Amino acid sequence: MKEQPYIKFKNIYIIPTFHSRIEFAKLVQTAFFKVYPDVIAVELPNNIHDEVIEAIDRLPYLSLIGYADTLNPKKLNYIPVDPGDSIMEGIQIGLEHNIPIEFIDLSVSEYLPP
């Protein structure tokens, strides 16, 4: 039996990933068409939702989103938006198929790895 592109826990499907690796973006595509999810949850904070959607709409042009950390407003965080990233692929495929997308990550201080 061929391995599944996700980890399943009850009715939740999880796709492990390394950012900006096309192999993992392909896993997102494969998993989407095997599961047809009701919602797609991504590890991004909700306070940059609109900016990420705008950047996704700009693809294949690359974007870099800079935003102030909610716990440390003097510090900027950066999110690269590129078509080879699994999170961006999940958002893009969700938008294309009218699947709700939830940004579920929290802004935390001293996030590791740096």
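Visitor: Why is the pairing of Arg21 with Glu23 called a salt bridge?

Guide: In this predicted model, the closest N and O atoms of Arg21 and Glu23 are 3.6 Å apart, and because a salt bridge requires a side-chain nitrogen of Lys or Arg within 4 Å of a carboxyl oxygen of Asp or Glu, the pair qualifies as a salt bridge. A search of the whole structure finds 1 salt bridge. Side-chain atom pairs count only at pLDDT 80 or more and local features need pLDDT of at least 70, whereas totals for chains, interfaces and linings use all residues. Side-chain values use heavy atoms, without hydrogens and water, and residues are numbered from 1 along each chain as its sequence is written.

Visitor: What makes Arg21 count as partly exposed?

Guide: Its relative accessibility is 39%, and since buried means under 20% relative accessible area, exposed over 50%, and partly exposed in between (1.4 Å probe, protein chains only), Arg21 is partly exposed. Glu23, at 43%, is likewise partly exposed.

Visitor: Why is Lys10 called exposed?

Guide: Lys10 has a relative accessible area of 66%, and is therefore exposed. Lys10 is found in the loop between β1 (7–9) and β2 (12–14), where strands (E, at least two residues) and helices (H or I, at least four) are DSSP runs numbered from the N terminus. The phi of Lys10 is positive, near 55°.

Visitor: How do you know that Tyr36 is exposed?

Guide: The relative accessible area of Tyr36 is 53%, so Tyr36 counts as exposed. Tyr36 lies in the loop between α1 (22–35) and β3 (40–45), with a positive phi near 50°.
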